[in-house]
Amino acid sequence: MQTKPLKISRRSFLQGSAVTAGALSMGLLDFQSWAKESAQTPVTRIPTICGGCGNRCAIFAFVKNGRIWKVEGNPEANGNQGVLCPKGHGYIHDLYNPNRIRSPLKRVNGSFQAISWEQAYKEIAQKINLILLDNGPESIFWVNYPQSNQAYALRLMHSMGSPHYFTHGSTCFTARNAAWNFTVGKLPSNDLANSRFIMIVGRNPAGGIDLAQVKDIVKAKEKGAKVVVVDPRHNETAILADEWLPVKPGTDLALLLAMINVMVEEKLYDKAFVANNTVGFAQLEDEIINYPPQWAEKICDIPAETIIRLTREMAHEKPHALIHRGYHGAIGAQYLNSFQTARALAIANALLGNINRKGGIYFPESAELGELQPAHPAPAGPAGPKADGTGIPGRYPLGSYGDGISHAIPELALRGVLKCGFVYHHNPLRTNPNPKRVIAGYKKLDLLVVIDPVLSETASIAHYVLPGTFYLEANEAVDTKHYGKRAQVTIPQKVVEPLFDSRSGFQIIVDLASNLGIGKYFNFTLDQANELRLKPLGVTLKDLKARGILPVGQTWKEGFGKLGTPSGKVELASSALENLGYPAIPRWEAPLVSPDDKDPHSFRLIHGKQAIHTHAMTANQPYLMAISRRYDMIRLLINRKRAEKIGLKDGDVAEIKSLVGEGKIRVKLTEGLHPSCVWLPSGYGIFSKYLTTAYDQGLSYNDFLPTLFDPTVGHAMSSEVIVQVKKA
Amino acid sequence: MARYGMVIDETKCVGCYACRVACQNQNHLRENEAYNYLEEREFGQFPHFNREFLPIQCQHCDNPPCVSVCPTGASHKRKDGVVLVNEKDCIGCKYCIAACPYNVRIIKQEGYIEKCRFCIDFVEEGGKPACVTTCMTGVRMFGDLDDPTSAIAQFIARNGHHLRVLKREMNTKPRILYRKA
Ligand code: SF4
Ligand code: SF4
Ligand code: SF4
């Protein structure tokens, strides 16, 4: 799967780089002499946050001789508790990546020309004003992966009158969030450290890194907790587990329904909790009769006696027992039944009486930032709904209006609904399903502006590319990502001067607004805005800058209060769902597609993260890619017996083919994978020629996925794909 | 004088490679130069399956074969137990690489031999080795084996029967002890 990338004219690059020759010699070319001289030089330590993934861990960055040396975890941070993952260490080197762009770029006759910021802003504003006249503000969108400036991106869209602010959520977690919302009113966390029995379904915090969760699992184990991992693949968290349940992919719902069945039939649930704090138990009893463990065994390949035994063990530890709240795998955006699977997972937790309990599922304390108004009046909200149908009955009523359905953007562009887009801290051409369709959609836009330090796939088809700063080069908006037993605020800070002519995300948003004539909504400096946002929290910007992270507000207490659901209780049965035409109680629902049992070449394609890569963002980083290569990790995992049946040996090249894509990749044979599927690590398959380390290494699961929207929240159903695997 | 050593808990490594990159940064290494590595092993047959990652680095042996074969004395053992290479004296003959049973020595692009230094400069300033502090599961423990109050000495006292050394038959007397799976 490749597009033909555009050419950068050499002349324009030279022009662009002339500005920053000084920075170049310090940063890019001279690691060796820097390293030699550095042994004895003084070191500065600056607290900031990591940009290696969405966790935004609190770090200390160490600078020697003006160059970033290393990072350490901030021990105070809820989210990383003093430790860091490999990306946290490795991604810092991307600051000095020679693939970085050096000035704003404009596409002219198929190649990029370096232009000034002023020219870029002026031309973008002119084009947008024409688009506004012809098509209205709803034709403009912004899409980003979560980051600390998102409130300002949303404000920019609202200032223009557009509802179309999107995140990557529909390819990631929207089914999970919706299910928890309908069951307990919001998305909770897991009190892993104090749990006695931890079951994790389709989530792998040791690979799709969540550092604090792994630390907490280890703490719980040291206190004698049992850990069970449910995943078609023996994932990295399973290494820490007492038991691995290799569920047949797409059938986690059957397992969970059977566990609920056992809890109900054997009366193992928390009776007082169910009586006082839930609605719909009688309806649940009626429905769940249909799902005994013997039934589930035939569907999900987990033996009935295992289901019964583990349900009993889990219930024995209640309420200090939990099923992890989940993320992407199984319940986030994977299967037709993901929403119901997430509902079943939430309900099973509630039956344990563990909601907002120590060692159970709890509602973390999260910092509520202050408003910019009245000092800086907010724009009126957009007039209409989102064109993707989120929140609209008959379309995607359960969909997340806030996140939108971002993988629908290409469809909306092809239909002419969206005309102009901003892509920031995101690369949909590589991270959305069915790249041919995504490319066609994004190319249809009258104006595509991408803010990125490098020419990602998406940037390389943009009309304008604005070089955003690398995360260690800029002060940005205060952030609330570190929720937990006590809320924390963090601040991304400038650690070194920006290389090249790049600008911070915050600055670019403000500059765009002023060029678009809506600067009155952005008449503040970053410091002023940050101060206003911190005001209600009772901490000062000065203290936050000095420490990098500060605790705010009260400490979490266990106890059950009124929930944000219509009944104020846990909704085992949801009349709200019933009114919208969905089952009130989760029912078994088969996956949309299944491999053909009789065809030895037919497999479900599933995917997951390796600890060393984040989406498509880190594959171009030589320190991280060196690990992929040294340990031969750019391979398709396949069950050993299935592989042998089709003549594949370890290390052979296989050909994979789906309805929409095909590719070749070497295989790794393992006993640690369910025979019905093959597993592809995410993060590879970079096809932008401007990313020289990552280019053409491995494949992405997105190459094989058709464009799908599940009927509840409109998520991408990213494991509903069957592939043919053959020896190449 | 301290006598430094390390315990590596074989049951806890999840194969994330944070220790590799943290070490590279701490020691100014290039992307293909690493002082530690992982060996992955798989056990059993589907669905009764398990695997483990074994972190390996210079074992700071008390009877180090790399030191005895070094013709210039560049490879040496310090009083505090740390085995080091003095880059100025190293002539790049690679005898030590052949002699080391643990495959932990690398050839630097500059031509001399290097390996895990127990982050000793940083430790002497009061720090802890980068591979120890970054690890989310707490695989490594580092400290003074001679100080009975140190966490590592107490761990060794409590877990004697769970400990092993790599390639004991080579009689290298490693100062990295592994807590067995
Ligand atoms: S998990 Fe890793 S990449 Fe993500 S923020 Fe933390 S250290 Fe950075
Ligand atoms: S940091 Fe810890 S878990 Fe990760 S590879 Fe190293 S020893 Fe293993
Ligand atoms: S002790 Fe220091 S030098 Fe040795 S492997 Fe660990 S981080 Fe690297």
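Me: Where does A:Pro319 lie?
Reply: A:Pro319 lies in the loop between α13 and β14 (321-323) of chain A. Helices (H or I, at least four residues) and strands (E, at least two) are DSSP runs, numbered from the N terminus. This is a predicted model, in which local features need pLDDT of at least 70 and side-chain atom pairs count only at pLDDT 80 or more, while totals for chains, interfaces and linings use all residues. Residues are numbered from 1 along each chain as its sequence is written, chains are lettered from A and ligands numbered from 1 in the order in which they are written, and side-chain values use heavy atoms, with hydrogens and water left out.

Me: Is the bond from A:Lys318 to A:Pro319 cis or trans?
Reply: That peptide bond is cis, and its omega is near 5 degrees. The bond from A:Gln373 to A:Pro374 is also cis, with omega near 5 degrees. A:Pro374 is found in the loop between β15 (361-362) and α15 (409-414) of chain A.

Me: And is the phi of A:Arg56 positive or negative?
Reply: A:Arg56 is not a glycine, yet its phi is positive, at about 50 degrees. Most residues other than glycine have a negative phi, and most peptide bonds are trans. A:Arg56 sits in the loop between β2 (43-49) and β3 (58-64) of chain A.

Me: Which residues surround ligand 1?
Reply: A:Arg56 is one of them, and the others include A:Cys50, A:Cys53, A:Cys57 and A:Cys85. A residue counts as near if one of its heavy atoms lies within 4 Å of the molecule. The shell divides into seven nonpolar, three polar and two charged residues. Here Ala, Val, Leu, Ile, Met, Phe, Trp, Tyr, Cys and Pro count as nonpolar, Asp, Glu, Lys and Arg as charged, and the others, Gly among them, as polar.

Me: New topic: how many residues does each chain give to the contact?
Reply: Chain A gives 53 residues and chain B gives 40, where contact means heavy atoms within 4.5 Å. The two chains bury about 3600 Å² between them, with 58% of this on carbon and sulfur atoms. In chain B, the residues that lose the most area to chain A are B:His28, B:Phe46 and B:Met136, together 21% of what that side buries. Buried area is the accessible area (1.4 Å probe) that two parts lose on being put together, summed over both.

Me: How many salt bridges are there between the chains?
Reply: There are three between chain B and chain A, a salt bridge being a side-chain nitrogen of Lys or Arg within 4 Å of a carboxyl oxygen of Asp or Glu. B:Arg51 and A:Glu236 meet in a salt bridge through their side chains, at 2.9 Å from N to O. In chain B, α1 (18-26), β2 (36-45) and β3 (48-57) each supply at least two residues of the side that touches chain A.

Me: Last one: how many aromatic pairs are there over all chains?
Reply: The count is 24; rings of Phe, Tyr and Trp (its six-membered ring) pair if their centres lie within 6.5 Å, and planes under 30 degrees apart count as stacked, over 60 as edge-to-face and the rest as tilted. The rings of A:Phe141 and A:Tyr442 are edge-to-face, because their centres are 6.1 Å apart and their planes stand at 75 degrees.
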